[in-house]
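Let's take a walk through this protein and look at how its side chains meet. Keep the 3D view open and follow along.

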Amino acid sequence: MMRRILANAVVALAVVATAACSSKSEQTAPEAAPEASESAPALDLSEAEVVPGTIVVDFKDGTTKEQFDAWEKEWGVDLEFNSVEGQDDGLTVAVGVDDVESALERIRQNPAVESAEPMLEFHASFTPNDPDYGKQWNLQMIDMPKAWDTSRGKGVVVAVLDTGIAYEDYDDFKQVPDLKGVKFVEGYDFVNKDKHANDDHGHGTHVAGTIAQATNNGEGVAGVAFEATLMPVKVLNHFGSGTSADIVDAIRFAADKGAKVINMSLGGGGYSKAMADAVEYARKKGVTVVAAAGNAARGKVEYPAAYPGSVAVAAVGPDGTRAPYSSYGKDLDIAAPGGDKRKGDQNGIIQNTIDPKNPARSVYASYQGTSMATPHVAAVAALLYAAGASGPDEVEKALFEGAKRVNGQAWSEEYGHGLLNAQGALQALNGGGVGGQWPSLWWALALLALVLLTLGRRARPGYLNLLFTPRFMVPLVLATVGVFFARSIFGGASGTAGDVVNAVSLPIPDWQRIIFGRGKLANPLFYSAIIPAVLSFAAIKFRGLRPAIGGLALGFAGFLSYAAWSRAPGLAYMPFTFLAIPWLVVNTLVCVFIARAMLKKETA
């Protein structure tokens with residue numbers, strides 16, 4: 001029922017439609033409207049794109065315009081042949097239909113009608129012409145063909161902190177062919193201290209290819225966000241090693257020079273306070289930092305992926321299960337294709353890179369590792385920014401909510417929030433599941449209606465009276481969507497002011513990110529009924545607080561119920577991850593009970 005309420009709250013607009021023709025056996029339609037016959041079976045339109053107010057009616061061959069014109073008044077529609085073929089095949093279209101379902105129900109009663117249905121919209125799915133695209137099982141796994149119809153990362157700068165990129169012809173270095181046409185901005189070589197961040201290893205170019213390989217150019221392979229802009233930042237030498245000092249400076253450099261996404265397919269070395277601060281600095285500047293969980297095959301995520309503020313990525317093979325080398329653990333955020341070459345090179349990730357023995361020679365190489373998984377996530381982050389995401393919080397919510405659940409779990413140590421899905425992430429962003437948590441507000445209002453229905457007439461406050469009472473509505477909005485416009489108005493604030501803006505723009509349950517720091521899992525104290533319950537005791541003495549606490553409790557109920565329904569959160573301190581959903585459901589019910597008690601009018 002709640003799904004139906006939410007679904008009916010959102011209306012998708014479409015403009016263009018196509019209709020398919022099919023040949024029929026020759027029959028003659030009757031002169032007048034015949035008696036009713038059996039209705040056609042219901043259509044499954046759950047995944048279809050329906051053109052609003054438009055229907056397609058297919059008459060039996062030979063039905064004339066004069067005949068269906070005579071029936072139009074009864075049906076309440078204005079039908080016209082779809083094309084010149086209509087006079088032969090009987091295919092007609094009506095636009096501007098107010099009540100599509102009622103009109104279709106009436107039309108289907110006429111036995112001269114072979115079918116009557118809503119107009120559907122179809123799109124040409126983008127399929128790159130790169131000759132080896134068919135070998136990229138990884139792009140199919142994360143649903144790239146559908147995602148490309150929505151976003152290709154146009155204009156988003158992705159900094160690749162790695163061994164450099166083969167992006168230019170300079171001295172002995174050559175640009176690899178499948179990066180020609182890709183956009184670059186000036187980077188830096190922190191190893192050799194110059195502006196030419198060229199690759200002398202091969203790792204960085206391979207990573208960059210996954211992010212933005214030249215695509216649909218008739219050569220080689222494809223990239224995920226092929227309209228994004230790459231920033232080459234060399235922090236690893238030709239042996240693949242680098243220092244914490246160079247990485248710290250590189251993170252700050254990328255954030256200051258306009259990168260929206262930083263990819264770090266590197267790890268090890270242990271905890272560095274300076275690096276943790278650099279990641280936090282980048283995040284506060286609106287940068288999404290993505291890093292590899294590590295290839296040690298152990299239950300501990302490596303740094304920098306384990307820092308609060310970075311997105312930690314594990315690797316899966318072609319079968320969708322965790323790759324045997326991939327690290328995992330409590331700090332993991334998400335999993336993505338990284339390859340598993342135990343059964344052959346075709347099970348790795350193929351991209352254009354350089355021959356490590358000769359940087360001037362281009363090769364197409366199959367690699368595996370969490371280093372290969374990470375750029376998939378960084379590239380999808382670029383797709384999200386290009387599609388309108390305003391910052392790291394929105395990007396991460398979309399990534400996590402759009403991820404494909406593994407074994408039905410909202411979060412696990414092996415897969416984080418699930419397996420990366422580009423199309424799912426874009427749908428989560430565009431569907432309103434992020435950027436203010438609007439569904440939480442709809443859930444809260446639906447629960448308010450439920451609470452009022454359970455109260456007797458004399459004990460029930462007016463629904464509209466409550467909606468227009470600031471004491472009730474302000475706490476409800478703060479608990480579900482926060483001050484959602486704060487970032488758009490005060491997004492440039494920094495320091496304490498920036499922290500305040502970040503806090504108030506979040507729903508109250510998510511203030512735990514500000515108080516406890518951004519961890520990988522939500523704090524269950526905030527994702528619970530504790531705050532409304534504690535405050536409800538104040539209403540015993542101060543009865544004027546009851547509407548405000550009732551609104552706050554319903555806001556928490558809406559937030560928690562949507563979180564449970566979307567299976568989005570992972571909660572800290574739970575002995576078993578499956579307990580997160582029951583915890584949210586039970587606390588939702590407690591919040592509803594508190595709200596009911598606060599809103600109930602006293603009767604004599």
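Start with helix α9, where you'll find Lys273 and Asp277 sitting four residues apart, about one turn of the helix. Their side chains meet in a salt bridge, with 2.8 Å from N to O. Asp277 is partly exposed, at a relative accessible area of 28%. Keep in mind that the model you're looking at is predicted.

Now, how many salt bridges does the count come to? The answer is 16. Another of them joins the side chains of Lys285 and Asp256, at 3.1 Å from N to O. This pair links distant parts of the chain: Lys285 is in the loop between α9 (273–284) and β10 (288–292), while Asp256 belongs to helix α8 (residues 244–256), 29 residues apart. Is Lys285 buried, exposed or partly exposed? Lys285 has a relative accessible area of 42%, so it counts as partly exposed. Asp256 is partly exposed too, with a relative accessible area of 42%.

For a pair with a contrast, look at Arg342 and Asp340, whose side chains form a salt bridge at 2.8 Å, N to O. Arg342 is exposed, with a relative accessible area of 65%. Asp340, on the other hand, counts as buried because its relative accessibility is 12%, and the cut-off for buried is under 20%. Salt bridges can also join up: Lys65, Asp69 and Glu80 are linked in a network of them.

Next come the rings. A pair of aromatic rings is described by the distance of the centres and the angle of the planes. Searching the whole structure turns up 19 aromatic pairs. One of them is Phe59 with Trp71, a tilted pair with 6.1 Å centre to centre and 45° between the planes. Phe59 lies in strand β1 (residues 50–59) and Trp71 in helix α2 (residues 65–75), so the pair ties together parts twelve residues apart in sequence. Both Phe59 and Trp71 are buried.

Phe126 and Trp148 make an edge-to-face pair instead, 5.5 Å centre to centre with 90° between the planes. Here Phe126 sits in the loop between β4 (113–120) and α5 (137–141), and Trp148 in the loop between α6 (144–147) and β5 (157–162), 22 residues apart. Phe126 is buried at 13% relative accessible area, and Trp148 is buried at 1%. What lies over the face of Phe126? That's Arg152, 4.3 Å from the ring centre. Likewise, Arg252 lies over the face of Tyr281, at 4.6 Å from the ring centre.

Finally, go back to Phe59 and Trp71: together with Phe68, Trp75 and Phe81, they form one aromatic cluster.

Note on methods: Residues numbered from 1 in each chain as written. Predicted model: local features only at pLDDT ≥ 70, side-chain atom pairs only at ≥ 80, totals over all residues. Heavy atoms only, no water. Salt bridge = Lys/Arg side-chain N within 4 Å of Asp/Glu carboxyl O. Helix = DSSP H or I, 4+ residues; strand = E, 2+ residues; numbered from the N terminus. Buried < 20%, exposed > 50% of the residue type's maximum accessible area, 1.4 Å probe, protein only. Phe/Tyr/Trp six-rings, centres within 6.5 Å; stacked < 30°, edge-to-face > 60°. Lys NZ or Arg CZ within 6 Å of the ring centre and 35° of its normal.
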